[in-house]
Amino acid sequence: MGDIVISPSILSADPLHLFEDILSVEKGGADWHHIDVMDGHFVPQLTFGLPLIKALKKKSSLPLDVHLMITNPDQTIDDYLSAGADIVTFHLEASTHPLRTI
């Protein structure tokens with residue numbers, strides 16, 4: 001069995017105290033930050049995007065584990081990588097060209 005990685009989702013943080021909650025999980029021993037990106041199309045919810053990933057990358061030393069729950073991630077995956085995503089997960093059924101995207 002491999003190593004266990006703790007990657008708490010910032011989706012469960014208090015949006016009015018996001019930075020404090022992020023620091024709290026870092027101090028608590030988290031290995032990564034999990035960021036659920038939802039576009040309101042692929043899934044009905046709307047959450048974080050590129051500006052938050054860029055800001056978090058500047059403030060945190062932990063890897064950013066970005067989960068794209070968006071329509072056609074093929075068109076924007078490079079933007080998320082440029083913004084600071086270290087790990088990117090996307091849904092095959094949302095992708096037009098999943099092998100190219102990988």
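This is a predicted model: local features need pLDDT of at least 70, side-chain atom pairs count only at pLDDT 80 or more; totals for chains, interfaces and linings use all residues.
Three strands form an open sheet in the order β1-β2-β3, and their pairing is parallel. The edge positions are taken by β1 (33–38) and β3 (87–90); each has a single partner strand, so one side of each is left without a neighbour in the sheet. From one strand to the next, the twist averages 20 degrees.

Strands of a sheet pair through backbone hydrogen bonds, in either a parallel or an antiparallel sense. Here, six bridges connect β1 with strand β2 (residues 64–69) in the parallel sense. Within this pairing, His33 has Leu64 of β2 as its bridge partner, and Asp36 stands opposite His67 in β2.

Although β1 stands at an edge of the sheet, six of its six residues are buried, so the strand is largely enclosed by the rest of the structure. In a regular strand, side chains alternate between the two faces of the sheet. In β1, His33, Ile35 and Val37 point one way, while His34, Asp36 and Met38 point the other way, and all are buried.

**Asp65 in strand β2**

Asp65 is located in strand β2.

Beyond residues up to four places away in sequence, Asp65 touches Ser7, Trp32, His33, His34, Ile35, Ile87 and Thr89. Among these contacts, His33, His34 and Ile35 are also residues of β1.

**The salt bridge**

Side chains of opposite charge can pair when their charged atoms come close. The count for this model comes to one salt bridge. It is formed by the side chains of Lys57 and Asp86, with an N to O distance of 2.7 Å. The pair links distant parts of the chain, 29 residues apart: Lys57 belongs to helix α2 (residues 50–59), and Asp86 lies in the loop between α3 (77–83) and β3. Lys57 is partly exposed, with a relative accessible area of 32%, and Asp86 is likewise partly exposed, at 41%.

Ala13 lies in the segment before α1 (18–27), and its relative accessible area of 17% places it among buried residues. Apart from residues up to four places away in sequence, Ala13 touches Leu18 and Asp21. Its C-alpha atom is separated by 9.8 Å from that of Val25, which is twelve residues away along the chain.

Asn72 occupies the loop between β2 and α3. With 15% relative accessibility, Asn72 counts as buried. When neighbours within four places in sequence are left aside, Asn72 is in contact with Ala94 and Thr96.

**Accessibility of selected residues**

The following table collects the relative accessible areas given above.

| Residue | Relative accessible area | Class |
|---|---|---|
| Ala13 | 17% | buried |
| Lys57 | 32% | partly exposed |
| Asn72 | 15% | buried |
| Asp86 | 41% | partly exposed |

Note on methods:
Residues are numbered from 1 along each chain as its sequence is written. Side-chain values use heavy atoms; hydrogens and water are left out. Two strands pair if DSSP finds at least two bridges between them. Helices (H or I, at least four residues) and strands (E, at least two) are DSSP runs, numbered from the N terminus. Axes are lines fitted to C-alpha atoms, for helices over the stretch in contact, and angles run from 0 to 180 degrees between N-to-C directions. Contact means heavy atoms within 4.5 Å. A salt bridge is a side-chain nitrogen of Lys or Arg within 4 Å of a carboxyl oxygen of Asp or Glu. Buried means under 20% relative accessible area, exposed over 50%, partly exposed in between (1.4 Å probe, protein chains only).
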